[in-house]
Amino acid sequence: MWRTRAAAACVICRSLANSSYGIKRKSPLQNLHLVSRSIHHPCYPSSKFQRRPLRISIQLFSSLNRLPLRKTKLLNVKYGYQFHRNFWLARLASRLLKIRYLILGSAVGGGYTAKKTYDQWKDMMPDLDEYKWIVPDFIWELDEHIDFEKLIKALPDADDLAKLLPDFDRIGESFAALKGFFSPGSPGETAFRATDQGYDNDKQYKKGLLGELILLQQQIQQHEEEARRAAGQYNMGSSQQKRKVSDKEKIDQLQEELLRTQLKYQRMLERLEKENKELRKLVLQRDDKGIHQRKLKKSLIDMYSEVLDILSDYDASYNTQDHLPRVVVVGDQSAGKTSVLEMIAQARIFPRGSGEMMTRSPVKVTLSEGPHHVALFKDSSREFDLTKEEDLAALRNEIEIRMRNSVKEGCTVSTETISLSVKGPGLQRMVLVDLPGVISTVTSGMAPDTKETIFSISKAYMQNPNAIILCIQDGSVDAERSIVTDLVSQMDPQGKRTIFVLTKVDLAEKNVASPSRIQQIIEGKLFPMKALGYFAVVTGKGNSSESIESIKEYEEEFFQNSKLLKTCMLKAHQVTTKNLSLAVSDCFWKMVRESVEQQADAFKATRFNLETEWKNNYPRLRELDRNELFEKAKNEILDEVISLTQVTPKHWEEILQKTLWERVSTHVIENIYLPAAQTMNSGTFNTTVDIKLKQWTDKQLPNKAVEVAWETLQEEFSRFMTEQKGKEHDDIFDKLKQAVKEESIKRHKWNERAEDSLRVIQHNALEDRSISDKQQWDAAIHFMEETLQSRLKDTESVIEDMVGPDWKKRWLYWKGRTKEQNIRNETKNELEKLIKCNEEHAAYLANDEVTTVRKNLEARGITVDPCLIKDTWHQIYRRYFLKTALNHCNLCRRGFYYYQRHFEDSELECNDIVLFWRIQRMLAITANTLRQQLTNTEVRRLEKNVKEVLEDFAEDNEKKVKLLTGKRVQLAEDLKKVREIQEKLEAFIEALHQEK
């Protein structure tokens, strides 16, 4: 069909071209329609039939149209056509045939082409059945839960709907009037010339409400420029005084139109934000309830905040500084820093005071979106509902308590950071750090170094090259009194990361004599510092009880009526905390995207250096950080406590019996045995012994026994704790084990009822005098001999120290005696003579005997004090008594037979053997009782105390840092922190790329 059509067209065209009028004229081909030429004449060069440039923006064409008939001009023939004579009837027939073939060919070819194109498009369309999972399940199930037929019936009719719709005719008239206003020659033509020029480039963005907002924003900027230009022309000199009235009217007209456009723009923006806020809240609430049965991912800002929290605790040993972005809020004291931050967070979350320093430590606030307006601390699970005044008061109180606790004694401010997260619908995502206000004078009650400490804290945060500095300046005070602007200009001289905020503009407008001064501040011409942007805000009337909503209304009302905005001293996008929040959030995320990958690479290099150092220094040890080491030490300590239960009863009793006798032996010998042995007969001896044993049992013995048991338990516990286990011993745990041992022993208290039960048992054991067999008798004699020999040895040592070395040591070791030792030696010799004269001498010297000894020594030229004689006599008689008692023990070895007969018809009396048997039996029974109490009760209580101490130490990071120290611990700790930071940064970067 297409070939036939082309051939027919070519024949007709040749016939027309070969007409032989003999007159030069344009080729008839030029009179053909553009579409016809493009179809029928591929053989002719296309350059000869180019279409003239169109002078209209849009022109519709159809293959069925033809040009109107017009008179042809007689021109010279071009293109080399041959002229022939033809009849006009043939030409008319050829034209009619051409029209018929064009109509038929176009209809058939167009239908075929349309069908083929539709089939091709249909084949190119992807199969969307595989992507049904994108649509939530509840969408497909809506028809099961919602009756659409009833819903359709409930809808109003078309007439009712027409009444509800807006009057489009009036809207069209309004737009026509607006168009007429901006038509050529109108006052708005100049302001919107730039918008008309860029229409073709930006027309894809100017559709619907969003496009209208963009247009309005451009209109506002053009209005501002036009108003300034007109104002400049108005103030130009006396030569234009004649045009003064007309220019003033034009300025007023432009300003009124600007305000109307700004108000319209603001209303549209508020409506969009409100709808967006409600939609976001609904979406977040649905996700929170788990409608889609999926696990919610951590938000991007929360991931970033976690990295900053870890970095705040990380002490870099490899010069790896924290250069991650955050918004640092700095300003003079009482400049309104906290108020600006509260307006951005949309809640009164910080403690307030009139003229008093309230921010005593840096507060990191992480803002993020959420279905509910809540706040929570990093180290707490409690959520504070910011819509309730009770929770707000509790949150402010908690922040104040944390600030005061972080301040060390003798200081006013602290470097410790308090981390707080605030979530809520419509909040801009960012991380802000509120720093203590900069002061110029240290007042009474402050530490002397408060000013320098605040400066150092501010500089430490602002030195970060990626930190955004939010400089807060009080607009109600003189600009010359500002301190923070000089500090900010030092940290960021180029102003590439500084945003300047002028607060209390309402007070400034009232108090400042020249409003242009405010304009100079906002334009950056008054202060020496530079900034990315300048903003003017109002944060309330100064009443701490004002709500955020009332402050917002007051701020909007003020700027709507402010002369600063009406006279174009301030731009619309430079006012309100809402615009400030949007600008700060944009700068924050821009800085994050530009710098976060570089920081991740820096921590990757740090990790490599730490891992290399660990492999070189500790190749056979695992990389255990402080917490892991503490868990390992905890298990070892608990194992050692359990080892106490594995001690045999025999070992316990031997240790207890030996220790208890060492503790009470002196009392038994000196206060019971020796006084009783001075009696004349056995009856008196037994009576004296019984009385003294009863007194000892009632007052001292049970307490001494408990003390011995407690000390024995401590010694065994210490032995297990300090015992080295060969190659497995790790001295890094020694300080921790010692601290756990001391704290556990300090907390342990023996059962108070143990002494009462023990007293009864000991009293009954000491009252028993019946020795059942010869073996017990011999054991008592052996026990008595060991005790007496030990005492005799001690007494010999004391006497040797008193009188000096004997003649053997003086000759063999070249030792001599002192003058005092010589006197004591002579005294000793005189006293020994008394004992030899009377072997049954009493234990004490009579006065006349002391005088006799003193006179005998004076006769030999030795002057002796009576006290020295008595002291020497005590040791000499003690030695003589112990030797006599040992000889008596040997005699009593064969006295068990007489003991069974109660020493009847026998001169041998062995009551002292019976005494030591009673003591020995009491020691054995006491040791057995204490052992049972230890193994059944006290060891378990000690184990419980150890567990409590370990749990307390586990929660006390300062204690762990103090007890687990060393290069190995610090290196493992740094390696763990760097790995954690790097992993979280990589996860954040991945999520950031996905969000793009």
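**View 1. The buried residues of helix H14.** Lys337, Thr338, Ser339, Val340, Leu341, Glu342, Met343, Ile344 and Ala345 are the buried residues of H14, where buried means under 20% relative accessible area, exposed means over 50%, and partly exposed lies in between (1.4 Å probe, protein chains only). Because nine of the nine residues of H14 are buried, this helix is largely enclosed by the rest of the structure. Helices (H or I, at least four residues) and strands (E, at least two) are DSSP runs, numbered from the N terminus. After H14 comes Gln346, whose phi is positive, near 60°. This is a predicted model, in which local features need pLDDT of at least 70 and side-chain atom pairs count only at pLDDT 80 or more, while totals for chains, interfaces and linings use all residues. Residues are numbered from 1 along each chain as its sequence is written, and side-chain values use heavy atoms, with hydrogens and water left out.

**View 2. Arg348, in the loop between H14 and E2.** Arg348 has its place in the loop between helix H14 (337-345) and E2, and with a relative accessible area of 10% it is buried. Its side chain makes a polar contact of 2.9 Å with the side chain of Glu342; a polar contact is a pair of N or O atoms within 3.5 Å, where, within protein, one must be able to donate a hydrogen and the other to accept it, and residues adjacent in sequence count only if both atoms are side-chain atoms. Not counting residues up to four places away in sequence, Arg348 touches a set of residues that includes Glu342, Leu392, Arg396 and Asn543, contact being defined as heavy atoms within 4.5 Å.

**View 3. Arg360, in the loop between H14 and E2.** Arg360 is found in the loop between H14 and E2, and its relative accessible area of 17% means that Arg360 is buried. A polar atom of the Arg360 side chain lies 3.3 Å from the backbone oxygen of Thr412. When neighbours within four places in sequence are left aside, the residues in contact with Arg360 are Met403, Arg404, Val407, Thr412, Val413, Ser414 and Pro436.

**View 4. Strand E2 and its two partners.** Six of the six residues of E2 (residues 363-368) are buried, and the strand is mostly covered. On one side these are Val363, Val365 and Leu367, and on the other Lys364, Thr366 and Ser368. Strands of a sheet pair through backbone hydrogen bonds, either parallel or antiparallel. Here two strands count as paired if DSSP finds at least two bridges between them. E2 pairs with strand E5 (residues 418-423) in the parallel sense over six bridges, and Val363 stands opposite Ile418 in E5. Five bridges join E2 to strand E6 (residues 430-434), and these two strands run antiparallel; the bridge partner of Lys364 in E6 is Val433.

**View 5. The open sheet of nine strands.** The order in this open sheet is E4-E3-E5-E2-E6-E1-E7-E8-E9, and the pairing is mixed. Strand E4 (384-385) and strand E9 (533-536) are the edge strands, each of which pairs on one side only. Strand E1 (residues 327-331) and strand E7 (residues 468-474) run parallel and are joined by five bridges, with Cys471 in E7 as the bridge partner of Val330.
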